[in-house]
Amino acid sequence: MSGVLDLVRADLREFAGYASARRSGVAGTVWLNANESPWPSPADGGLGLNRYPDPQPAALRAGLAALYAVAEECVLLTRGSDEAIDLLVRALCQAGRDAVVVAPPTFGMYAVCARLQDARRVEVPLLDAADGWMLDIDAVIASARDGGARIVFLCSPNNPTGEIVPREAIARAAVALADQAVVVVDEAYGEYAGQDSAATLLPRHPNLAVLRTLSKAHALAGARIGALLADPALVRVLRNVAAPYPLPTPSVRAALAALQPPVLAETRARIAGVVAERERVHAALSALPGVRRCYPSQGNFLLVRFDDAETVFRRLLSTGVVVRDMRGNPRLDDALRISIGTVQDNDALLAALGAGRTAA
Ligand SMILES: *Cc1c(COP(=O)(O)O)cnc(C)c1O
C-alpha cells in the first residue's frame, strides 16, 4: 500500500471541501469577502466575533502539538473529540459497506457515529477477568480482518471500565491492519494514566490516530476543543471533510489560556490530586459492604458493581449525589460509574454510602 490515503473513502481522497473565505489565504486590510458585519456587536466584549474564526488557528495548533509532543502537521483541531470520531467514520467508512470494530463496554459515540454513517459495527467484547477488564487484541485483529473494518476504536483508558490498552497491543494492531484499517486510540483520559501516549507510536504507524481533548483533565468541556493526532495526509483529508468553521473564537481563546505554563502547572497538580483521590475512593469503596467489585482505574472515574445498585443509586440521588447509572448495559446490570470529584465531593459520596469520612 502507498499510505494511509488508501484507507480513505475513494470518493473523498481528492475532495477539497468547502472553500470558505478564511481558507483562501489572501491578505488585506479592507475585508469585504465574507459578508460579515464590519462592526463588532455592541455586546462583543472585545472578542471580534463579527469575523469568522480561523478554521485551524496556528497558535493553538502549535500549542497542542507541543503539549502532545507531535509535529504541527500531525494535529487537526476539532470541536471536541466527538467531532474527530464523526469525521473519521465519515471519511473512512463507505455507507452500507464498511465496518468499525468496537470493544464494549466502551464509550457510546463510536457506535452512534457508525450508525449515522450506516457503517456496520463489529463488537469484540472486553474480557471481565479476575484482575480486571482486558482487551483481547488478537480477537480485535481477527474480527477487523473478517468484518472488513476500516476503523478499530480503542479507548485507553477505557470509559467506563478504566483499564488501558498496552502500547504493545496498539502497535501490534496497527501493524496487522496496516493495509486495511486505521487504529484509533481515544485518550480522553490519558492524563490520568500511567502510560505514555500512543502518539509516540505515530511516526512508525501511518494508520494510527490518537484522540485527545481539553474536556476532561484540562477542565474545558464547555469550550469543545479536541485534537486528532495522525499522519499529515489523514489530517489534510479530515480537514476537508470538517465543517468550515469548527472552532468558535471564545473557545480558542480559552484553550490558548489553558496552555499558559502557570495554568498547565496547576492542571498537572490537579491531575495528581485526582489520581490520589481515585486511589483513596477505590480503597474505601472496595472495603464497603454491598460493594461486589470496584475495578482498578487509570481514568478519573471508578466502575463499581453493587449487590443492590438500584437502592444505592436512589440513596445517592436522595442526598444530591449524581453518578452514572450503567445498568442499561447487559454486562453492567449491577454497576454505577462514579467520577472523582473534589475531596469534599468524594467525602459526600462515601458518607452517603455509609463509609463515613475516611482519612485522606
Ligand atoms: C468524554 C469523552 C470524550 C468526549 O470528548 P469531547 O472532547 O468533550 O468531545 C471522548 N472520548 C471518551 C472516551 C470520553 O469519555
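Biologist: Where is P160 found in this chain?
Modeller: P160 is found in the loop between β6 and α5, where helices (H or I, at least four residues) and strands (E, at least two) are DSSP runs numbered from the N terminus. This is a predicted model, in which local features need pLDDT of at least 70 and side-chain atom pairs count only at pLDDT 80 or more, while totals for chains, interfaces and linings use all residues. Residues are numbered from 1 along each chain as its sequence is written, and side-chain values use heavy atoms, with hydrogens and water left out.

Biologist: What is the omega of the peptide bond from N159 to P160?
Modeller: That bond is cis, with omega near 15°. The peptide bond from S156 to P157 is cis as well, with omega near -5°, and P157 also has its place in the loop between β6 (149–155) and α5.

Biologist: Which helix gives the largest share of the shell around the ligand?
Modeller: Helix α2 (residues 80–92) does, with three residues.

Biologist: Why is the pair of Y52 and Y245 called stacked?
Modeller: The ring centres of Y52 and Y245 are 4.3 Å apart, with 20° between the planes. Rings of Phe, Tyr and Trp (its six-membered ring) pair if their centres lie within 6.5 Å, and planes under 30 degrees apart count as stacked, over 60 as edge-to-face and the rest as tilted, so this pair is stacked. Y52 lies in the segment before α1 (58–68) and Y245 in the loop between α6 (232–241) and α7 (249–258), so the pair ties together parts that are 193 residues apart in sequence.

Biologist: Why does Y52 count as partly exposed?
Modeller: Buried means under 20% relative accessible area and exposed over 50%, with partly exposed in between (1.4 Å probe, protein chains only), so Y52, at 41%, is partly exposed. Y245 is partly exposed too, with a relative accessible area of 21%.

Biologist: What makes the pair of Y189 and F301 edge-to-face?
Modeller: The planes of Y189 and F301 stand 75° apart, with 4.9 Å from centre to centre, and that angle therefore falls in the edge-to-face range. Y189 is in the loop between β7 (182–186) and β8 (208–213), whereas F301 is in strand β11 (residues 301–306), 112 residues apart.

Biologist: How do you know that Y189 is buried?
Modeller: Y189 has a relative accessible area of 6%, so it falls under the limit for buried residues, and F301, at 2% relative accessibility, counts as buried too.

Biologist: Which residues touch the most other members of the largest nonpolar core?
Modeller: L64 and L229 do, among the 56 residues of that core, a nonpolar core being a set of buried Ala, Val, Leu, Ile, Met, Phe, Trp, Tyr and Cys residues joined through side-chain atoms within 4.5 Å. Helix α5 (residues 167–176) gives the most to this core, with five residues.
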